[in-house]
Structures are given as C-alpha cells and as structure tokens.
Amino acid sequence: ECTLPMLALDRYFQWFVSALDIGKEKPNKLLFDHTYEVLKKKLPDLSRNEIIHIGDNLECDLNGARNAG
C-alpha cells in the first residue's frame, strides 16, 4: 500500500506518484522517469532538477533520485 494515504499525508499534496502506479520499486530509474514524464505534461518548462523526491531511505530515495537525474 502507498505510504502517503496510509499515513493520511496525501491531503497535503496536490499530486504524487506511487511505485504501485507503475509496478516499479525505488531505486528503479523507470519510476523516476515516469514521474518526470507525467509532470512534464502538466508543467512543460519543468527540468528534472526542480523536482523534489521525499523519502526515508538513503539508498532507494536519495541515491535513486540522484541516479535518475
């Protein structure tokens, strides 16, 4: 299950992506690529370095996001 809704934190975000949405787990680059493509449709001028990934695991969250650009 997705953590944000489980902890009732989803109400603080207009939008978020869960690994469950695409069937890939962090740090898989495809999860980050998918998120970027979805955001680009909403914000065409967005660059990868303007996206914040929030997490609690150094390897999966921080390094996964860095490796995805």
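I take buried to mean under 20% relative accessible area, exposed over 50%, and partly exposed in between, with a 1.4 Å probe and protein chains only. By that scale I note Arg 48 as partly exposed, with a relative accessible area of 26%.

**Ground rules**

I am working with a predicted model, in which local features need pLDDT of at least 70, side-chain atom pairs count only at pLDDT 80 or more, and totals for chains, interfaces and linings use all residues. Residues are numbered from 1 along each chain as its sequence is written, and side-chain values use heavy atoms, with hydrogens and water left out.

**Confidence**

I looked up pLDDT, the predictor's confidence in each residue on a scale from 0 to 100, and found that the protein chain averages 86, with 99% of the residues scoring at least 70. For the helices I rely on DSSP runs (H or I, at least four residues; strands are E, at least two), numbered from the N terminus. Confidence in the chain is lowest in helix α2 (residues 19–22), where the mean is 82, and highest in helix α3 (residues 29–42), where it is 90.

**Salt bridges**

How many salt bridges does the count come to? Using the rule that a side-chain nitrogen of Lys or Arg must be within 4 Å of a carboxyl oxygen of Asp or Glu, I get 3 salt bridges.

One of them joins Asp 61 to Lys 26, with the closest N and O atoms 2.7 Å apart. Because Asp 61 belongs to helix α4 (residues 58–68) and Lys 26 to the loop between α2 and α3, this pair ties together parts that are 35 residues apart in sequence. Asp 61 is buried, at a relative accessible area of 3%, whereas Lys 26 is partly exposed at 30%.

Asp 33 pairs with Lys 29, their closest N and O atoms being 3.0 Å apart, and both residues lie in helix α3, 4 residues apart, which is about one turn of the helix. I record Asp 33 as buried at 17% relative accessibility and Lys 29 as partly exposed at 41%.

Asp 33 also takes part in a salt bridge with Arg 48, where the closest N and O atoms are 2.9 Å apart. Arg 48 sits in the loop between α3 and α4 and Asp 33 in helix α3, so the pair ties together parts that are 15 residues apart in sequence. Through shared partners, salt bridges join Lys 29, Asp 33 and Arg 48 into one network.

**Cysteines**

I then searched the whole structure for disulfides, meaning pairs of cysteine sulfur atoms within 2.5 Å, and the search finds 0. Cys 2 is in no disulfide, and the nearest cysteine sulfur, that of Cys 60, is 15 Å away. Cys 2 is buried, with a relative accessible area of 17%, while Cys 60 is partly exposed at 23%.

**Thr 35**

Counting contact as heavy atoms within 4.5 Å, and leaving aside neighbours within four places in sequence, I see Thr 35 in contact with Trp 15 and Val 17.

**Met 6**

Lastly I checked Met 6, which is found in helix α1 (residues 3–6) and counts as partly exposed at 48% relative accessibility.
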